[in-house]
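Trainee: I'm new to this one and would like to talk through the aromatic rings. Could you take me through them slowly?

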Amino acid sequence: MRITDIQRCEVQPGRLVEWTLSPASVAAATALPEDSRPPAYIQESHIRTAKCVRDDGLFVPTWLGTAFDLPGPVDLDALQEALRAWTVRHETLRSGFRWAGPSGDELRRFTLDAADVSLHREEAGHFPAVNELVRHLQDRFDTVADALRWPNLIYAAVVRDDGASVYMAFDHSNVDAYSLTRIAAEVRELYTAGPAGPAPGSLAPAASYVDFCELERADADGIDARHAVVGRWREFIRRCDGVLPGFPVDLGLEPGGPLPRQRMLCEPLADAQEAAAFETYCRPYGGSMVGLLAATGLIVHELGGQPVYRTVVPFHTRVKSRWSDSVGWYVGGAPIEVPVARAGFPETLRAVRAELQANRPLARMPLARVLRLLGADFRPTSPDLYSIVSYVDTRSVPGAEHWAEQRAHALLRVSYGDQVCVWVNRLHEGLWLASRYPDTDVAAKNVRLYVERLRDHIASVAHGSLSAVS
């Protein structure tokens, strides 16, 4: 699924309909007792960061979303029931947090019963101008899908005679990018099935992310500052001069300056043949993710001169198959350090593979827990603790073969931040890159150089690999 933003996801004009949780559902939630299952560390860190940034006077929207088309004419009653059933299916979407405790600074969970979930539908009007519609959608998503409110999800459909475009936005605390890729197929299946529901076995019950949060937090709370994982992070951060690593090129930022606005770049990186050939070349070293990180390390050395490429690699934490269909924020990070000053591509591939093999298990321990145990002052002032380069092969996700015809997209909100985040997805059409980065001329120049050299590097490896076997 292509990652983009609301401005670039091919919005078309039409009649806008919106759904939020109903006043009755909100009232029921208000009266709920505490749910003993705690927030995940990543959820708590996200919400506390949002609060810190808000308290500093800056509103930073951080929602994620998805967009996809349904063929028409669309039955809005059936779509509403499909959206309600899908919301019930994933427990985290009907679970939220309140500030509580003696000093009012503890997060306590509450969870709405499935029977109390209902949606309120509202006609938002006809939007003949795309720019006005995009602006309205972004403003609504910013307001409703906000980390510091509940409910923090909103659904919309732009209805036309030949079908409808569905838009769904969530605060990040409830979804990750992988969750977004599964939504279109599930909602379409529920919509097509109608009141009778999906055929038996076609849409198996999804495990609860709320249950995962409880299990992960119990494991994380079982370690202390002497644990080996904490020690590994302590040494890594020390070698990063006491901070988590940013993107090691000049971004034109003033030290201590205000949180900058961001720009977004999203475009194809390689076609299907090049992506396959690049994967073939990199497979003996661990595959395309290893190749992408190795190429990145060499390129940022060319651009920034750092002799060692240090970064935190995101990994999913769905280590058991029971979580594979679950919507939630299943992401951890593993630190890697790769010498790049005098290395070629094969040597860098081997070094990245060795680092990932050694450090990937660290991603299972929430970094927020580690930072708390380190005792350092990591007061969050940005939505992103560090820069990332992420790779995901999404071709096996149910419905992936239909994404292009359905105009399916994963949506990111681009607002403020001082880091560079890069996502590369393997699609049936090839490799797709999306990045958000600080809105400075220097950052725009260097991120563009990085992307162009990454594209050239992949093409060079791919065509060399193709030549070798032809």
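Trainee: Which residues form one aromatic cluster with Tyr 209?
Mentor: In this predicted model, where local features need pLDDT of at least 70, side-chain atom pairs count only at pLDDT 80 or more and totals for chains, interfaces and linings use all residues, Tyr 209 forms one aromatic cluster with Phe 212, Trp 323 and Tyr 330. Residues are numbered from 1 along each chain as its sequence is written, and side-chain values use heavy atoms, with hydrogens and water left out.

Trainee: How many aromatic pairs are there?
Mentor: The count comes to 13 aromatic pairs, where rings of Phe, Tyr and Trp (its six-membered ring) pair if their centres lie within 6.5 Å, and planes under 30 degrees apart count as stacked, over 60 as edge-to-face and the rest as tilted. One of them joins Trp 86 and Phe 170, whose centres are 5.8 Å apart with planes at 55°, so the pair is tilted.

Trainee: Where in the chain do Trp 86 and Phe 170 sit?
Mentor: Trp 86 is in helix H3 (residues 76-89) and Phe 170 in strand S8 (residues 163-170), 84 residues apart, so the pair links distant parts of the chain; helices (H or I, at least four residues) and strands (E, at least two) are DSSP runs, numbered from the N terminus.

Trainee: Is Trp 86 buried or exposed?
Mentor: Trp 86 is buried, with a relative accessible area of 0%, where buried means under 20% relative accessible area, exposed over 50% and partly exposed in between (1.4 Å probe, protein chains only).
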